[in-house]
Amino acid sequence: MDTAWSAVFVSWCIRQAGASAQEFKFSPQHSVYVHWAIANMEARRGVFRAHPIDEVAPSIGDLIQNNRGGNSYDFAYAAEHTSYLSHTAVVVETGHDSAGRYAMTIGGNESDSIRRKRVALNDDGYIVQRPSNPFICVIQNLK
Amino acid sequence: MNLPLSKNQVTKGAAWLHANFGAEIAQAVSGKPYSASIVCAIACKETGFIWIGRTNMPAAVLLPLLVGDASGDVAGHPRNAFPKNTAEFRAEFGDAFADDLIAESNAARALRGLPPAHIVYKGYGIFQYDL
């Protein structure tokens, strides 16, 4: 399948979980709802607010955005742009395993499938940044 | 409803507040019907997401950067209270004051990985007092 559908999957999940169009900016592009959620955070309003990864310890229902395709867009870029390649996935679990703290996500169009991925967290619960396809933000779900 | 901060984050935040402002908090709540814990909870609720993950920074450096609330100046979030936006503040108080506050805003934005903007923030300090 050539059409990227990961943002549609996330939008569908958020809709199924009960969010309305007033509460979430459903979009086929991750960058669109991330930009909108950064504005929410800036205004301190709304139930979906995007923060830099060193401000929010991901919890169940949050969204984690990362680069893809070898890009390295950062939070400042995301605050100013609505159209760029990226990926988000929904946090479905947090915990500890033999490698340390983690958040488990479910994302769409991951190798053209729906998959779980492990995101490493530090001792305080914040995302451990990585050099390849770095993380951009956490959209905190306050609903 | 999900809570914006975890129990661990709030515990860490309260410890930091007591370590840095314990005497001031104790004095502030003396003889009052509310406790030091309530004061800490309000601080965590208002600005904890900014400072709880950055307690490795000296409090004196961190405190001036606790400005926020861009309502009225970002898309989709109009504001009714004064100032409705930066333009209204500038018209009332002039360019020099507005530009000073914008410089403060941009220092806080830089800390948080946000690009500079021409915005006067409306919330100030660890308790986010309105402008």
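## Confidence

The predicted model has an ipTM of 0.92 and a pTM of 0.94. For chain B, the average pLDDT is 95, and 99% of the residues score at least 70. Among the elements of chain B, the highest mean pLDDT, 98, belongs to helix α4 (residues 86-93). The lowest, 90, belongs to strand β3 (residues 129-130). Where pLDDT is low, predicted coordinates should not be read in detail.

## Architecture of chain B

Chain B contains 5 helices and 3 strands. Read from the N terminus, its elements follow the order α-α-α-β-α-α-β-β. Along the principal axes, the C-alpha atoms of chain B fill a box of roughly 40 × 35 × 35 Å.

Two domains are assigned in chain B: domain 1 spans 1-57 and domain 2 spans 66-131. Their centres, taken over C-alpha atoms, are separated by 24 Å. In the contact between them, domain 1 of chain B contributes 6 residues and domain 2 of chain B contributes 5. The side of domain 1 that touches domain 2 consists of 4 nonpolar, 1 polar and 1 charged residues.

## Helix packing in chain B

Helix α1 (residues 7-29) and helix α2 (residues 36-51) of chain B have axes that come within 9 Å and cross at roughly 125°. The crossing of α1(B) past α2(B) is right-handed. On the α1(B) side, the contact is made by B:Gln9, B:Val10, B:Gly13, B:Ala14, B:Leu17, B:Ile25, B:Ala26, B:Ala28 and B:Val29. From α2(B) come B:Ala36, B:Val39, B:Cys40, B:Ala43, B:Cys44 and B:Gly48. By class, this contact has 12 nonpolar and 3 polar residues, with no charged residues.

A second pair is formed by α4(B) and helix α5 (residues 95-111) of chain B, whose axes lie 7 Å apart and pack at an angle of about 135°. That angle makes α4(B) oblique to α5(B). Here B:Thr86, B:Phe89, B:Arg90 and B:Phe93 of α4(B) meet B:Asp95, B:Phe97 and B:Ala98 of α5(B). The residues of the contact of α4(B) with α5(B) comprise 4 nonpolar, 1 polar and 2 charged.

## Interface between the chains

At the interface, 25 residues of chain A are in contact with 21 residues of chain B. On the side of chain A that touches chain B, at least two residues each are supplied by α2 (30-43), α3 (75-80) and β6 (135-141) of chain A. The largest share, 4 residues, comes from α3(A). By class, this side of chain A has 10 nonpolar, 6 polar and 9 charged residues.

## Backbone features

Most residues other than glycine have a negative phi, and most peptide bonds are trans. One feature to note in chain B is the cis peptide bond from B:Phe82 to B:Pro83, with omega near -10°. B:Pro83 is located in the loop between β1 (67-68) and α4 of chain B.

A:Arg44 is situated in the loop that lies between α2 and β1 (48-51) of chain A.

Conventions:
Residues are numbered from 1 along each chain as its sequence is written. Chains are lettered from A and ligands numbered from 1 in the order in which they are written. This is a predicted model: local features need pLDDT of at least 70, side-chain atom pairs count only at pLDDT 80 or more; totals for chains, interfaces and linings use all residues. Two residues are in contact if their C-beta atoms, placed from the backbone, lie within 7 Å. Ala, Val, Leu, Ile, Met, Phe, Trp, Tyr, Cys and Pro count as nonpolar, Asp, Glu, Lys and Arg as charged, and the others, Gly among them, as polar. Axes are lines fitted to C-alpha atoms, for helices over the stretch in contact, and angles run from 0 to 180 degrees between N-to-C directions. A crossing is left-handed if the near helix is turned anticlockwise from the far one by less than a right angle, and right-handed if clockwise. pLDDT is the predictor's confidence in each residue, from 0 to 100. Domain bounds come from an automatic or database domain assignment. Angles under 35 degrees count as roughly parallel, over 145 as roughly antiparallel, 65 to 115 as roughly perpendicular and the rest as oblique.
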